[in-house]
Amino acid sequence: MVRSDIEREYTERTRRYLDIVSINEQFKNSVNIEYDLNSYHKLSEYIPTDDICEVMQYFFNAAEVNKNNRANILVGPYGKGKSYLVLSLLQLFMLDKDDENVTVFLNKLKQVNSELYNQYIRIKNSGLKLLPVIINSNYTHLAQALNVALKEALDTTGLNGVFPDTAFDVSLKVLAQWNDDSTYKENVDQCLKKSGMNLKAIKNGLKEYDIQALKSFETLYNCVINGLEFNPLTNDDVVKNYQDISVKLKDYGYSGLFVVFDEFSKFIDADNDSLLLDLKILQDLAEAAQRSGKDSQLHLCCITHKSLNAYYGNKKEATVNAFRTVEGRFKEVNFTRSMDQSYQIISLAINKKENFDKVIGAYYVANQDFYNELSVLDLFADTSLKSIGKGCFPMNPLTTYAVVEVSEKVAQNERTLFTFISDNDSNSLSTFIRNNGTGLFNVDKIYDYFKELFKKSDDKTIREIERKAEINLSKTGDLLEKKIIKVLAIMKIVGNTLFVPAVDMLANSLEISREEALSALNSLVEKKMLKKHLATEQYDFALASSKSITNKVDLILASKSKIDKLSSILNDCFKHQFVLPRKYNAVKKMTRFYKEKYISDFELLALNSFEVFYKDEFCDGLIFNVINTMNDVDKVRSHFKNMQYSNTVILKMQPSPISESVKSAIYHLNALKEVLSDKGLDDLDKEQTKIIYDDEVNELKSALGLVFNTNIVDVISQYDVSDYNELLSLIMEKEYALTPIFNVEMINKENGVSSQYIKPRNKVVDFYINNEVDLNQEYLEDYSLSSPENTVYRALKHSDSPELREVLDVIKEFFRSTEITRMSAVDLISKLKKAPYGIRNGVLPLYIGVAISELNGDLIMYNGSRELDLNADNINKMIAQPSNYYLNLKEGSNEKTKFLNDLLAVFDLVSANNFKQDMDIAIKYLQKMVMNQPQIVRCLNTKDTFNKLGYKAEINNYTASGVN
């Protein structure tokens, strides 16, 4: 049989899906715990899944062994079936295990979780039976709701006499006595007339345990009994009543109470004047539950769709604190389903009729390509697609996935996953089954069904998606385009990277061909309703722009789009792109960086040196994204190898020429920028253009990130290293090998030294220049160890290394070279900032200060011809503008240094690299040497005698002037 024959047979046999499937009646009505408590058939219809069993086991354990888990908040999104789960728990705890409805459920439970089945049998064999108490959230005061719920539970079970008399009950009895006694009746009528109260309203309120009704009765009582206060002599502590009754119930075959607070969120959201008092009662009830015994159990289960702390919102501080106190008394039980479990529930909601297997088999054959495409999606990697496609038919598998995600985000009581399947709304699955016999129930229907909830969502992002979708839906009359817009909105609301608005996914979401989807998408893009992301080829809602802006952009593109170079546009747009050599920076405790720029291949080939780029702005290295226009990577590579100043340069070049779509996006961005620069642009158009421009900048940045991804480009440098990140650090290690480590990042930078460190750094510099530091001390004694001054000083002390010694020697050598003639500071500063040192402006003053402290003689600083004080402030100015400053060492300084160094060498003494310290070393040695001689030798005063004693003659070759 050929495909067309199969399709024809399928169509002929299936006039309506209702012939092969129907909606399970069980799913048509939502559960109401209070009203359905005695509908025991609900238990026999309940289907235990793994997630349900997990929650049930928690509550079974609380009843059997763990009393500390008897105050709980059951949390789960709308439509998950929390109420049905709790209803089943209540019926299981209340009914005998031999009840026919229990038996039916247990047979199903045994198949899914035999361990849980055995636990339940064990619990029931122990005689445990709990009385359900259902709290109605519609009452104003919690105490009232608790009293009403407990009395109704006892009355329903025939235990009327167990509930103790309260002030409300006593008040009703007093009113009944007054009604039978003519002596009081006249007084009552007079008092009611005087106060304007209604006796019937008071009675009804008292029956409902209404606090206001009790206050009205107290006022009436005071009037009728001539000023006496009403004193009922009862216990009105509602929590105490619950504890007492849980004990009394033992006499009636019960092991305690199971209190359920359904719609708990309504109680919290009410935020009325009595909320603080109600929260205190709730806290006390939770504590009572946690302390309850094995034979007088008190369970409290509050049902809500989000965690308690999510309700704090804008509540007052006192209320928030009360919430937190209450929250600490409860255990949170999360009722969540895996996707597989959700698919299972949806499948169970759809009854399959006699001819189902035959029809679905024919449908699969007829649409094999469609199902094959879905089967390879990561979205269904952990799931059997066939089980979803068959079990949830006629839902599109993508609809099945998406509706679960959407319902968790926005579902409310009136619209949930189950109502989407079962109700009579025109956009529900049930309606689709009744009215259709071909095609699938596709993703666009989710938008139609939940649209009103999207508008009211607490999530601003969802509201914004709905707004954009509605604007675009109003702009097109094409049915397919409308469906695509709806599916796009659903994909953005779901927000899963495996369910994205790319052509194929959009086509499969609507069960149409790729060509149909692409045609509609191109139309929507052309109408500027949608846009296509360059980087991902996914679609999104386009940002709205006025017709005048569009016309201006089109005019610029038509007239001058090719004049501006691609590289110039990109460098102007992305001015601040930096790449860090992280390994090098971690070792050297500083931040070196590469500046990232764009250049076309023909522009690069016209250059012989990269020097100009380093002059334009500060950076440690350059990374060029080379725009491929000539498709000759080898030519670029060969040329680069011979370029000057290329040691710290990396090229990233596309293996193939730049695409026309990326080029168009670059020129379009440039046109938008030119529109923005138009001074005649009104404020509204300017604001819209700026939003569009920023959006396109981000879009282009993502696209370029893919184009120049290091995994696909040719990486070219002067070093043969394949790993890009290793290359970044290797270049810095090779070029800046002699950089000292200075571990204070707030100072070790080129510009923008932290203001809190400038003054402390300058103090340390001055300490060294003025020789106010004992070079052996570990910290500055006049400052705390944690002070900025000691932070700088100790970092400098700990940075002592061969690299630092090299730098200090370079500085001192320069100072010595200035003795003959003063020299410009440019030579020194430039040398220190270049490779192999690469020292930052922030630490240069410290190194210069230390070098000065090690120097012999006076160093003189000049600004032009004017002599300056040698201090930290002037050194900072010299570093900032070295061409304005000159240095000169006092005459004779080098001769003194040479004499001292030779003296140390004569006696094999080790230099401390500091003139003052070296002088101390020499003097102490000479003093010790002389003092160790006999007195006759110490008294000698001739060079010849000194030589005869065997001491080195070189020392006698120096004149006295050498040690002045």
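Where does glutamate 511 sit, and between which helices? Glutamate 511 lies in the loop that links helix 27 (503-509) to helix 28 (514-526). Its backbone has a feature to look for: phi is near 55°, which is a positive value in a residue other than glycine. As you explore, please keep in mind that this is a predicted model.

Glutamate 537 gives you another example to look at. Here phi is near 60°, again positive in a residue that is not glycine. This glutamate belongs to the loop between strand 8 (530-532) and strand 9 (539-541). Is glutamate 537 buried, partly exposed or exposed? Its relative accessibility is 49%, so glutamate 537 counts as partly exposed.

While we are visiting loops, two prolines are worth a stop. The peptide bond leading from phenylalanine 393 to proline 394 is cis, and its omega is near 10°. You can find proline 394 in the loop between helix 20 (385-391) and helix 21 (397-410). Proline 836 is part of the loop running between helix 41 (825-833) and helix 42 (844-853).

Let us now turn to helix 17, which spans residues 339-349 and holds tyrosine 343. Why is tyrosine 343 called buried? The cut-off for buried is under 20% relative accessible area, and tyrosine 343 has a relative accessibility of 5%, so tyrosine 343 counts as buried. Which residues does tyrosine 343 contact, once neighbours within four places in sequence are left aside? They are Phe380, Thr383, Ile388, Cys392, Thr400 and Tyr401. Take threonine 383 from that list: threonine 383 is 40 residues away from tyrosine 343 along the chain, while their C-alpha atoms are separated by 9.4 Å.

Two packed helices are described by the angle between their axes and the distance between the axes. On the helix 4 side, the contact is made by Cys53, Met56, Gln57, Phe60, Asn61 and Glu64, and on the helix 7 side by Glu115, Leu116, Gln119, Tyr120, Arg122 and Ile123. Sorted by class, this contact has 6 nonpolar, 3 polar and 3 charged residues.

Finally, we come to the nonpolar cores. The largest one has 74 residues, and Phe450, Ile490 and Phe499 are those that touch the most other members. Helix 26 (residues 479-494) provides the largest share of this core, with 9 residues. What does isoleucine 490 touch, not counting residues up to four places away in sequence? The answer is Ala402, Val406, Val443, Ile446, Tyr447, Phe454 and Phe499. Apart from this core lies another, of 67 residues, and among them are Ala71, Leu159, Ala288 and Phe323.

Conventions:
Residues are numbered from 1 along each chain as its sequence is written. This is a predicted model: local features need pLDDT of at least 70, side-chain atom pairs count only at pLDDT 80 or more; totals for chains, interfaces and linings use all residues. Side-chain values use heavy atoms; hydrogens and water are left out. Helices (H or I, at least four residues) and strands (E, at least two) are DSSP runs, numbered from the N terminus. Buried means under 20% relative accessible area, exposed over 50%, partly exposed in between (1.4 Å probe, protein chains only). Contact means heavy atoms within 4.5 Å. Ala, Val, Leu, Ile, Met, Phe, Trp, Tyr, Cys and Pro count as nonpolar, Asp, Glu, Lys and Arg as charged, and the others, Gly among them, as polar. A nonpolar core is a set of buried Ala, Val, Leu, Ile, Met, Phe, Trp, Tyr and Cys residues joined through side-chain atoms within 4.5 Å.
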